[in-house]
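Q: I would like a close look at one part of this model. Please keep to what can be computed from the atoms.

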Amino acid sequence: VLAAAALAGCADMQNRPNTLAPGSSWMVAVRNTGSYGNANIETRTRVGGEKMWQGRPAFVYERPGNPQGDIVTERENGCWIALAKGDTPILSFDPPIGWNWPLAVGESWTRKHQWTNPATKRSGDFVGTWKVESYDDVTVRAGTFKAYKVVYSDTTGVESTTWFSPELGVNLKLAGRRTAKHPAGAGTNDIELVSRPAVQ
């Protein structure tokens, strides 16, 4: 166990995206309802490593069995470029969606994005707003860790709260929901970290 001062220093250094080595993986518990589908499962996320995605360097976070596919992020800042199955995008975002790094309590930001579904050739605009509300101890099945609490809402009717651990470099948990306003209808999406990331 690290001393408090050492842990704080580690947290400062890891307060940025893409800190995990390729091959790192971790387990999460997923509980979905409504428009997110009905699921109550444990599933693994794995850092697949760097690749070129539509001409730009990217990282892929593999999520086998997840109907929303893998997460493709920009290499430098961790912003979401797309959800994809293999090399096929399910949903892409322009500009990519992401947080302002390093995170700081009290900071907030608002951005306009466009989503595109290549399969249906549909697209639309939305405005997302983020706020970093706190930095406190959070307990999940994987243990207790310091975490930033980031609250999000957008004009499509999505609302979420995410707790990010700088020590681990992953989200400890997410409480998300779509309101009845969302085009897909209402639903909830809850995720909790079950095991710490480790290189497989």
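Which residues does Leu-172 touch, not counting residues up to four places away in sequence?

A: This is a predicted model, in which local features need pLDDT of at least 70, side-chain atom pairs count only at pLDDT 80 or more, and totals for chains, interfaces and linings use all residues. Residues are numbered from 1 along each chain as its sequence is written, and side-chain values use heavy atoms, with hydrogens and water left out.

With contact taken as heavy atoms within 4.5 Å, Leu-172 touches Val-138, Val-140, Phe-145, Ala-147, Trp-163, Ser-165, Ile-191, Glu-192 and Leu-193, sequence neighbours up to four places away being left out. Leu-172 also belongs to the largest nonpolar core, which has 32 residues; Leu-172 is among the members that touch the most others, along with Trp-26, Trp-99, Leu-103, Trp-130 and Leu-193. Such a core is a set of buried Ala, Val, Leu, Ile, Met, Phe, Trp, Tyr and Cys residues joined through side-chain atoms within 4.5 Å. Buried means under 20% relative accessible area, exposed over 50%, and partly exposed in between (1.4 Å probe, protein chains only). Strands are DSSP runs of E, at least two residues long, numbered from the N terminus. Val-127 lies in strand 8, and its C-alpha atom is separated by 25 Å from that of Leu-172, 45 residues apart along the chain. Val-127 is partly exposed, at a relative accessible area of 30%. Neighbours within four places aside, Val-127 is in contact with Thr-110, Arg-111, Lys-112, Ser-153, Asp-154 and Thr-155.

Methods: Helices (H or I, at least four residues) and strands (E, at least two) are DSSP runs, numbered from the N terminus.
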